[in-house]
Each structure stands twice: as structure tokens, then as C-alpha cells.
Amino acid sequence: EEKVMILPFSTSRLCSAVSVALFVLFTTVSVNANTPYKSATALDQYGSSPQINNARLASELHSMPTIAVSAGSSVVIATLERRQLGGISRPKCRIIGKSQDHVLAIMGSGLAGDAAFIERLLRRDVINTWERYDNFPNCHRVAATASRIMLAFMGYDDEIQDGTIDILMEENGNGQERLSIGRPLAVNLIVTRIDFQERYGSSELILVEPSGISTMISGKALGRGCKRGGELLR
């Protein structure tokens, strides 16, 4: 353990010491200020977004290994139980819409805060669709909305065309403005819909990545070890 001894300073020596400290601090700040700023929307030389790549990596590292598989009229989910601070330890298929004929749900891996934020917006979108059309949106509609949320940080000025309320618009006292999202969301999201209208029922899974790309899947490994899990699943 280091001990610091305070020696008596004369006024002139104290002023000199303060001047030197201020000069060092100013020089350090000046050097740091010259560091080029990189926007969250910046692309590298290959046209790829480093921020999205970081979000994808975070969505894999900050969750326990999980496997989700479509199985006829149901979806099977297997995951480890150990919890992690700040991550989604269990996917817990979150139901965002339910009726007598079908169930609409989401699950995912990544940062818990980002996942909760996306879930809140998707729930609002399902309610808006129900109020307008008296029916829940299909799986592809929810996946498209999730993709718009994922890409909102890029500042794209796209508009929905089906007449429902845009969940990316919010009231600010002076009217509506677009929701401000400053970075990619570190979540790999699976949207699923189970229909009971058919004789044996049916289910579908759509994966939405942090890049906003959506893909229909029959099964997916998420979280830590997802690459190896995907190989074993195939």
C-alpha cells in the first residue's frame, strides 16, 4: 500500500504546480479532442457496419446457450438455467398476442434492456393492429416491424403503408417526432406464431438479426456457442 506525504508548499511553488497540472490536463484533452469521431452509422472499407457487428457479437455473448425448434403445432425451446448479470439468461417465450385460434410470441438472446425495449414496441404495434383490423398481425408483419426497430438508429425515414400507427413516432409536447435510437440493439430475435385453425396446427419461426435482416427458419441456436449449436442442430 502506497503512502502519500504532503509537504508544505510555498505559494509560488503551489501556483507553479497548479500551472503544470493545468498544462498537462489541457494537452491531454487537446490530444483526445483530435481523435476522429466515428458515427454509429459509419461503414468500414468493406461496406459493413462495425457497430452492427459489435451488436451481433454482444447478442451471442450475453446469453446462455438456447435452441428453439419448430415442431408441428408447437415450438420447443431448450436452454440452460444459470443466470447472467445484464443478459437474457432464459429466453422465456414472451406472448405478445393471443386468441382462440393462434398465439404470437417472441424470444431472443442478447442484452436484457434491449430485448425489453423491443418487446414493448412490438406489443404496442400488436395492439394498434388489433384496434384497426380486429385481428393480430401475422408473423411476417411482426418481423418487419422488428426489423424497422433494429434499423431505426440508421435514421431511415421509411413509413408504414398499412394505415396502422407508426410505433417509431412519439409525442414530445410539440407534436410527434421520430424515436431516437443512438445505437444498434444487441438482440437476436425470433418471432413465432402458432396457429390452431388447421387440423394438426402449424407454427413458423422468423429470425430478426441486429442488422434488421429477417429469415424464415425451422430451428436456431442462440447465445453462447451458437455456431457449434447450429452445426449440431443441422
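**Exercise 1. State what share of the residues of the protein counts as buried, and how many helices and strands there are.**

Solution. In this predicted model, 37% of the 234 residues of the protein count as buried. The secondary structure consists of 5 helices and 10 strands. Turning to contacts with a separation of 6 or more, residues 24 or more positions apart account for 59% of them.

**Exercise 2. Describe how helix α3 and helix α4 pack, and classify their orientation.**

Solution. Two packed helices are described by the angle between their axes and by the distance between those axes. Helix α3 covers residues 112-133, and helix α4 covers residues 139-150. Their packing angle is about 135 degrees, and the axes lie 10 Å apart. Angles over 145 degrees would count as roughly antiparallel, and those from 65 to 115 as roughly perpendicular. α3 and α4 are therefore oblique to each other. The crossing of α3 and α4 is right-handed.

**Exercise 3. Identify which residues of α3 and α4 meet, and sort the contact by class.**

Solution. On the α3 side, the residues are F117, I118, L121, L122, D125 and T129. They meet R141, V142, T145, A146, I149 and M150 of α4. By class, the contact of α3 with α4 comprises 8 nonpolar, 2 polar and 2 charged residues.

Notes: Residues numbered from 1 in each chain as written. Predicted model: local features only at pLDDT ≥ 70, side-chain atom pairs only at ≥ 80, totals over all residues. Heavy atoms only, no water. Axes fitted to C-alpha atoms, helices over the stretch in contact; angles between N-to-C directions. Helix = DSSP H or I, 4+ residues; strand = E, 2+ residues; numbered from the N terminus. Parallel < 35°, antiparallel > 145°, perpendicular 65-115°, else oblique. Left-handed = near helix turned anticlockwise from the far one by under 90°. Contact = heavy atoms within 4.5 Å. Nonpolar A, V, L, I, M, F, W, Y, C, P; charged D, E, K, R; others polar. Buried < 20%, exposed > 50% of the residue type's maximum accessible area, 1.4 Å probe, protein only.
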